[in-house]
Structures are given as C-alpha cells and as structure tokens.
Amino acid sequence: MGLIDIELFTTLDLVGQAPGGPDEDPEGFPFGGWQAPLLDEVTGAQIGAAYDGTDALLLGRRTYDIFAAYWPHQHSGENRDIATLFNSVPKYVASRGRPDLSWSGSTQLGPDLATAVREIRDRHEHIKVVGSLNLVQTLLREKLFDRLDLWVHPIVLGVGKKVFDAGAVPTNLTLLAPPVAGSTGTVYLRYARADGIPGTGDMSAPDRGAGHDG
C-alpha cells in the first residue's frame, strides 16, 4: 500500500488559500499570491526535495486546472525538474464537474471519492496531494493520508480558506524531523499520521506539581 502525502503552504492563522497568485482562487479573497514575497532558497530546496519519489498526483479540480495550464509548458528554467515529474506521472482529479483532461496522464475520479483514493493508494507507492483544500478536507475526515507537510509562513491574514476546516477530525500526528526555518521565517514541518485520537489529562493533578515549592 502506497503513501499519500499532503503538501500545503499556510499562514500562521492556517489560511491555505491561493498562495501562488492573485488569480488562483480570488473569490472573496484579497491576498492571492501571499507566498511569493516569502520564498527563499531554503524553502525552494525543501519543496523540490519533498517530491522525490513521487509516482502520482492527486488533485482537486481548481488546483488541477491551474497545474494543467502551467506545467506542460515549463520545459526549461529552475522549474524544469518538477515540470518533468508532473508531466510524466499519472494525475488523478477529484471533481464533480467535467474537467479538461487533455494534460497527459490525467484521470477523473468517480463520485465515491474515498473508495477511489483507496484504489489509487493500492496502485502507487508515493502519491502527492498539492494544495486542493476542498479535497484535503475529505482526506482529513476519512484519515486517507499518511504524511502532512506544512510550510508555515510568518504572516496572519485573518481571512481565507483554512487548512483544517470542515474535514478536521481528532487525529494524532508524529513529527518526522526537527522543524527547519528559512531566511524569511517560514518553518517547514513534516508530520506522519499516528494511531488513535488525542488524549486528555488534568494539569491540576497532584503529581503535576511534584518537586516544586509552594
């Protein structure tokens, strides 16, 4: 069974909407492209390394449309390696509509999304989910992910679609590596989904204060 990795860029208040540009998801959102001023070499290298071994993309309709309009035309420059990867691997699109599937290797998933994702997991070794916040909510709710990579940027927007929204359910996560910060203050966090649900405790229990004076 393969791994499903979710890759997300987020603000400190966990807004993940339209990091890449003003036309990405503009409805009711005035901060499209908020990530651009905060990119640095460290973050760029982290993003590139995160795609090592990827053999399939799982995308929501909006992200798919953006990618399909951009990546097939990137044959040179600093994005060449990612373009080669994205253009060569299978792309699976979660959509209730009729997306243009002319991007080579693209397939629309059926209406039973959870079952379709499980089938993809059996078919591939390393599946990447990029952006696609609506799709992410389904994956979070169904616990159909194995890793969660977050690039947390040092800004607060106060408006926009959140990373953890309607799909969030109680879930344990394990930090896979120490956080790494770039020069702009963006922090890279890598988590794996863990078993069980969050526990609770009582900070006022007597043993919490053991060894401390009055």
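**Entry 1: Asp146.** I looked up the accessibility of Asp146 and got 14% relative accessibility, so I put Asp146 down as buried (under 20% relative accessible area, with exposed over 50% and partly exposed in between; 1.4 Å probe, protein chains only). The model is a predicted one, in which local features need pLDDT of at least 70, side-chain atom pairs count only at pLDDT 80 or more, and totals for chains, interfaces and linings use all residues. Residues are numbered from 1 along each chain as its sequence is written, and side-chain values use heavy atoms, with hydrogens and water left out.

I placed Asp146 in the loop between helix 5 and strand 6 (147–153). Helices (H or I, at least four residues) and strands (E, at least two) are DSSP runs, numbered from the N terminus. A polar atom of the Asp146 side chain lies 2.8 Å from the backbone nitrogen of Ile4. Neighbours within four places in sequence aside, I listed Gly2, Leu3, Ile4, Arg121, Tyr191, Ala192 and Arg193 as in contact with Asp146 (heavy atoms within 4.5 Å).

**Entry 2: Leu101.** I found Leu101 in the loop between strand 3 and strand 4 (106–108). Its relative accessible area is 33%, so I noted Leu101 as partly exposed. Apart from neighbours within four places in sequence, Leu101 is in contact with Tyr64, Val93, Ser106, Thr107 and Gln108. I also checked Ile66, which is 35 residues from Leu101 along the chain; their C-alpha atoms are separated by 12 Å.

**Entry 3: largest pocket.** Which residues lie nearest the centre of the largest pocket? I have Glu24, Thr63, Phe67, Val130 and Gly131, out of 49 lining residues. A pocket here is an open set of points on a 1 Å grid over the protein atoms alone, where a 1.4 Å probe fits, with protein on both sides within 12 Å along at least five of seven lines; lining residues have an atom within 4 Å of a point. Helix 2 gives the most to this lining, six residues. Other elements that supply at least two residues include strand 1 (3–11) and helix 5 (133–142).

**Entry 4: whole chain.** I counted five helices and nine strands in the protein chain. Their order from the N terminus is β-α-β-α-α-β-β-α-β-α-β-β-β-β. The C-alpha trace spans about 70 × 40 × 35 Å along its principal axes. Of the 214 residues, 42% are buried. Among contacts between residues at least 6 apart in sequence, 72% join residues at least 24 apart.

Key: Polar contact = N/O pair within 3.5 Å; in protein donor to acceptor, adjacent residues only side chain to side chain.
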